[in-house]
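Open your viewer and get ready to click along. We will go from the whole chain down to single side chains.

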Amino acid sequence: MTPKSTTDIILYTVMLFVGVWIIDWIFTTLFGGESTSLVAIAIGVIFVRFTQSYFGKKLNQNNHPDLHENEQFEYATPANLSSVGGKLFLTNQQLMFKAHKFNLQKKKHISIPYSDIVSINASGTLNRLLNKINITDKSGHTYRFIITSGERDKFITLLHAKAP
């Protein structure tokens, strides 16, 4: 799993420091000596990889928004809305975003009927970073989603097929 946004990078960095700190504490407390920084960093990286795979799956598990009658999910991908992590959904009726449980920001749930979408455009392809989708609705509000480049292109193709 690779970081998909600035929020992910910050979260992974914090987890690395926590992992290194825990390993350093274990070495100094249990073994009565100082740990080597290299060993602590190596074990911290292993700690981060474990927590990424474990918590990454847990964050998006059961993260489906409620659907209207006769509405069905057709496609979903992890995404960020500004700095709020979550999942972006295409249903047979609308575009939806639901924040996952692990956010410091206020929880967000957004639903945009396809008929309300005025424009869809991609931006930020610099070295597979900053892969944004900008979606503007009839009220003039622009939503800026960040998803991985391979998913972004597929998502935009599917969304263009649904939005007028």
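What share of the 164 residues in the protein chain is buried? Buried residues make up 35% of them, where buried means under 20% relative accessible area, exposed means over 50%, and partly exposed lies in between (1.4 Å probe, protein chains only). Before going on, note that this is a predicted model, in which local features need pLDDT of at least 70 and side-chain atom pairs count only at pLDDT 80 or more, while totals for chains, interfaces and linings use all residues. Residues are numbered from 1 along each chain as its sequence is written, and side-chain values use heavy atoms, with hydrogens and water left out.

**Stop 1: the whole chain**

Follow the chain from the N terminus and you pass α-α-β-β-β-β-β-β-β-α.

**Stop 2: the sheet**

Now select the strands. All seven form an open sheet, ordered E4-E3-E2-E1-E7-E6-E5, with antiparallel pairing; two strands pair if DSSP finds at least two bridges between them. Strand E4 (109-113) and strand E5 (117-123) stand at the edges with a single partner strand each, so one side of each has no neighbour in the sheet. On average, neighbouring strands of this sheet are turned by 30° against each other, direction ignored; the axes are lines fitted to C-alpha atoms, and angles run from 0 to 180 degrees between N-to-C directions.

Zoom in on strand E3 (residues 94-99), which pairs with E4 over five bridges in the antiparallel sense. Pick Met-96 and look across: Ser-111 in E4 stands opposite.

**Stop 3: a residue inside the sheet**

Select Asn-134 in strand E6. Is Asn-134 buried or exposed? Asn-134 has a relative accessible area of 13%, so it counts as buried. Leaving aside neighbours within four places in sequence, Asn-134 is in contact (heavy atoms within 4.5 Å) with residues including Ser-119, Asn-121, Thr-142 and Tyr-143.

**Stop 4: the salt bridges**

How many salt bridges are there? The count comes to three, taking a salt bridge as a side-chain nitrogen of Lys or Arg within 4 Å of a carboxyl oxygen of Asp or Glu.

- Show Lys-162 and Glu-74, whose side chains meet at 2.4 Å, N to O. This pair links distant parts of the chain, with Lys-162 in helix H3 (residues 149-162) and Glu-74 in strand E1 (residues 73-81), 88 residues apart. Lys-162 is partly exposed at 28% relative accessibility, and Glu-74 is partly exposed at 43%.
- Next, show Asp-116 and Lys-138, which meet at 4.0 Å, N to O. Asp-116 is in the loop between E4 and E5, and Lys-138 is in the loop between strand E6 (132-137) and strand E7 (142-146). Lys-138 is exposed, with a relative accessible area of 60%.
- Finally, show Arg-152 and Asp-153, with their closest N and O atoms 3.5 Å apart. Arg-152 is buried at 5%, whereas Asp-153 is partly exposed at 43%.

**Stop 5: a nonpolar patch**

Select Ile-10, Val-14, Val-18, Trp-21, Ile-22 and Trp-25, which form a nonpolar patch on the surface with about 610 Å² of accessible area together. Patches take residues with over 30% relative accessible area and no salt bridge, joining like charges within 9 Å and nonpolar side chains (Val, Leu, Ile, Met, Phe, Trp, Tyr) within 5 Å; areas come from the Shrake-Rupley method with a 1.4 Å probe, and for residues only the protein chains shown count as cover. End on Trp-21 in helix H1 (residues 6-30), which is exposed at 60% relative accessibility.

How values were computed: Helix = DSSP H or I, 4+ residues; strand = E, 2+ residues; numbered from the N terminus.
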